[in-house]
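Look at the structure below before reading on. The paragraphs that follow take up its charged side chains and then its strands.

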Amino acid sequence: HWPTWDKELEYCKIEGDFTKGNSFILKPVGGPKIKITLSEVVTNERFTDYCKFFGATMHDDHRLEETSDGLRIISTITVTGPLSFIWAKLVAKNVAKSVPNQMDALVDAARVKND
C-alpha cells in the first residue's frame with residue numbers, strides 16, 4: 001500500500017510474498033520503473049533491498065526500533081560500485097531528501113488506521 005501514503009509513487013507491485021530474494025517493481029511519478037530486490041526480511045524489525053544501475057548498486061536498509069519514546073523508523077541508503085558517485089548524485093541524494101516527508105506520511109497513515 002506504499003503509494004497510498006507516498007504521493008511520489010505512481011505504483012509499487014509485488015508478485016508473491018515479501019520475502020528474501022523476491023523483487024518488486026516501483027514506479028515513481030514521472031520516472032522509470034525500477035526493479036528492487038529484497039536481500040533480507042525480518043518481520044516487524046527490518047528489511048533491506050537493492051536496485052542495480054549501470055556501474056552501481058543502491059542498497060536501502062529499513063529498520064524499526066522500539067524505544068521508550070515510541071517506534072523509531074530508520075532508513076539508510078548506500079551506493080556501491082565504480083560509478084556510485086554518479087548514481088549517488090542522480091538518485092540516492094533525491095531519495096534521501098524525500099525520506100522525512102515519506103516517514104511523516106507513513107506515521108500519519110498508521111495513526112489514521114489505528115484510530
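A residue is called buried when its relative accessible area is under 20%, exposed when that area is over 50%, and partly exposed in between. The model shown here is predicted, and these cut-offs can be applied to its residues one by one. Take R46 to begin with: its relative accessibility is 21%, so R46 counts as partly exposed.

The side chain of R46 meets that of E40 in a salt bridge, with 3.4 Å from N to O. The term salt bridge is used when a side-chain nitrogen of Lys or Arg lies within 4 Å of a carboxyl oxygen of Asp or Glu, and the pair R46 and E40, at 3.4 Å, is counted as one. How exposed is E40? Its relative accessible area is 28%, so E40 is partly exposed as well.

Another salt bridge joins the side chains of R63 and D61, where the distance from N to O is 2.6 Å. Is each of these two residues buried or partly exposed? R63 has a relative accessibility of 31% and therefore counts as partly exposed. D61 stands at 12%, so D61 counts as buried.

E65 has a relative accessible area of 32%, so E65 is partly exposed. For R72 the value is 44%, so R72 is partly exposed too.

Now turn to the strands. How are the six strands arranged? They form an open sheet, in the order β1-β2-β3-β4-β5-β6, and their pairing is antiparallel. The edges of this sheet are β1, residues 9–14, and β6, residues 70–80; each has a single partner strand, so one side of each is left without a neighbour in the sheet. From one strand to the next, the twist averages 25 degrees.

One pairing can be followed in detail. Strand β2 covers residues 23–28 and strand β3 covers residues 34–42, and the two pair in the antiparallel sense over four bridges. Which residue of β3 stands opposite F24? To find the answer, trace across to I36, the residue in β3 that F24 faces.

Terms used. Residues numbered from 1 in each chain as written. Predicted model: local features only at pLDDT ≥ 70, side-chain atom pairs only at ≥ 80, totals over all residues. Heavy atoms only, no water. Buried < 20%, exposed > 50% of the residue type's maximum accessible area, 1.4 Å probe, protein only. Pairing = 2+ DSSP bridges. Axes fitted to C-alpha atoms, helices over the stretch in contact; angles between N-to-C directions.
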